[in-house]
Each structure stands twice: as C-alpha cells, then as structure tokens.
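Dear colleague,

I am handing over the structure we spoke about, together with my notes on what I found in it. Please read them with the model open beside you.

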Amino acid sequence: MRSIELLATWLVYCIIFNATRGIFPEVFEGFGVALRFQDLSHLVLQDEKHIVDLKRVVHFLGKKHFGEDKEVFSMRHDQDWDSATFQMGHRYSKLFLSSTLAKEKNDAEQRVTKHWQEVFF
C-alpha cells in the first residue's frame, strides 16, 4: 500500500509541474523537475495499472530533468540565492510582479493626490 501512495504522490507532482509549466512556459523555460525516477526503484507494484502509471512517471521525469543545477524546489542541496528555485522566482517576479508593483505605486500616488486635493479645496 505504501508503494501505491508514493506513486500517487509522484503522479500528482508530475501533473502539477506540467500544468504550471503550461501556464508559465516563459518562467519555467530551462528549469526541470527535482525528482529522479531512480528513486522509485524500490517500489513493489503488482497491479498492471500501477505499473503503467509508474512507466508514465519515469518517462515524464526523464524528459523533464535538465540537471541538478536546474532543479526547482529541490531539497537535495541548499537553496541559496543562485539556486534554480530562486532564479525561477526572480524570472517570475520580473515578468509578472513588476507591472503589479508599478500599478500599485501609481494607485497610491493617485490616492495621495486625491487626499491633498480634498484637504486644500
């Protein structure tokens, strides 16, 4: 039963990684999965459906692993400022959060201007 639970967890990881990569392809470009299919070699699976699912996970992880230095959300090594996770986060913030920050600053300036207009007029 434990092998099936672990396989299900890895399946969900693959699904979420693929979906997120589909939504933000420019953010995930060049970054890969942190899981290694070799870590599943200890699983004990008897049902053919589970074996097929395992093969799908192995295939996906094999295609989406770009090397240790490109693993996002990896626990294998320290997550310092040069890690793939922080590089991906920086890319996301540059692409998506910069415009949000500019809009928020503009809105704040308009509120301040409106406030002082009400105070003086």
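Is Phe-96 buried, partly exposed or exposed? With a relative accessible area of 28%, Phe-96 is partly exposed, since buried would require a value under 20% and exposed a value over 50%. Please bear in mind throughout that this is a predicted model.

Phe-24 and Phe-96 form an edge-to-face pair, with 5.4 Å from centre to centre and 75° between the planes. Because Phe-24 lies in the loop between H1 and H2 while Phe-96 belongs to helix H4, this pair ties together parts that are 72 residues apart in sequence.

Over the whole structure, the search finds seven aromatic pairs. Another of them is formed by Phe-17 and Phe-28, whose ring centres are 5.4 Å apart and whose planes stand at 90°, so that this pair, too, is edge-to-face. The pair links distant parts of the chain, with Phe-17 in helix H1 and Phe-28 in helix H2, eleven residues apart. Phe-17 is buried, with a relative accessible area of 6%, and Phe-28 is likewise buried, with a relative accessible area of 6%. Ring pairs also join these two residues with Tyr-13 and Phe-60, giving a cluster made up of Tyr-13, Phe-17, Phe-28 and Phe-60.

**Helix H1 and what covers it**

Helix H1 runs over residues 2-23, and its 22 residues should span 32 Å at 1.5 Å a residue, which agrees with the 32 Å that separates its end C-alpha atoms. Its buried residues are Ser-3, Leu-7, Trp-10, Cys-14, Phe-17 and Arg-21. They cover an arc of only 90° around the axis, which puts them on the same side of H1.

Leaving aside residues up to four places away in sequence, Leu-61 touches Trp-10, Tyr-13, Cys-14, Val-33, Leu-35, Arg-36 and Phe-37. Trp-10 and Cys-14 are among the buried residues of H1, and for Cys-14 the separation from Leu-61 is 47 residues in sequence but 7.6 Å in space, taken from C-alpha to C-alpha.

**Helix H4**

Helix H4 has 37 residues and reaches 52 Å from its first C-alpha to its last, which is close to the 54 Å expected at 1.5 Å a residue. When you look along this helix, please note that H4 bends by about 45° at Leu-97. Ala-84, Thr-85 and Met-88 are buried in H4, and the buried residues of this helix pack against H2.

**The loop between H3 and H4**

Glu-71 lies in the loop between H3 and H4 and, at 0% relative accessibility, counts as buried. Its side chain makes a polar contact of 3.4 Å with the side chain of Arg-36, and a further polar contact, of 2.8 Å, joins the side chains of Glu-71 and His-65. Arg-36 is also one of the residues that Leu-61 touches.

Phe-73 lies in the loop between H3 and helix H4 (84-120) as well, but is exposed, with a relative accessible area of 54%. Phi of Phe-73 is near 60°, a positive value in a residue other than glycine. The backbone nitrogen of Phe-73 lies 2.7 Å from a polar atom of the side chain of Thr-85. Thr-85 itself belongs to helix H4 and is buried, with a relative accessible area of 15%.

Conventions: Residues numbered from 1 in each chain as written. Predicted model: local features only at pLDDT ≥ 70, side-chain atom pairs only at ≥ 80, totals over all residues. Heavy atoms only, no water. Helix = DSSP H or I, 4+ residues; strand = E, 2+ residues; numbered from the N terminus. Expected span 1.5 Å × (residues − 1). Buried < 20%, exposed > 50% of the residue type's maximum accessible area, 1.4 Å probe, protein only. Arc of directions from axis to C-beta. Contact = heavy atoms within 4.5 Å. Bend = angle between axes of the 7 residues up to and from the residue. Polar contact = N/O pair within 3.5 Å; in protein donor to acceptor, adjacent residues only side chain to side chain. Phe/Tyr/Trp six-rings, centres within 6.5 Å; stacked < 30°, edge-to-face > 60°.
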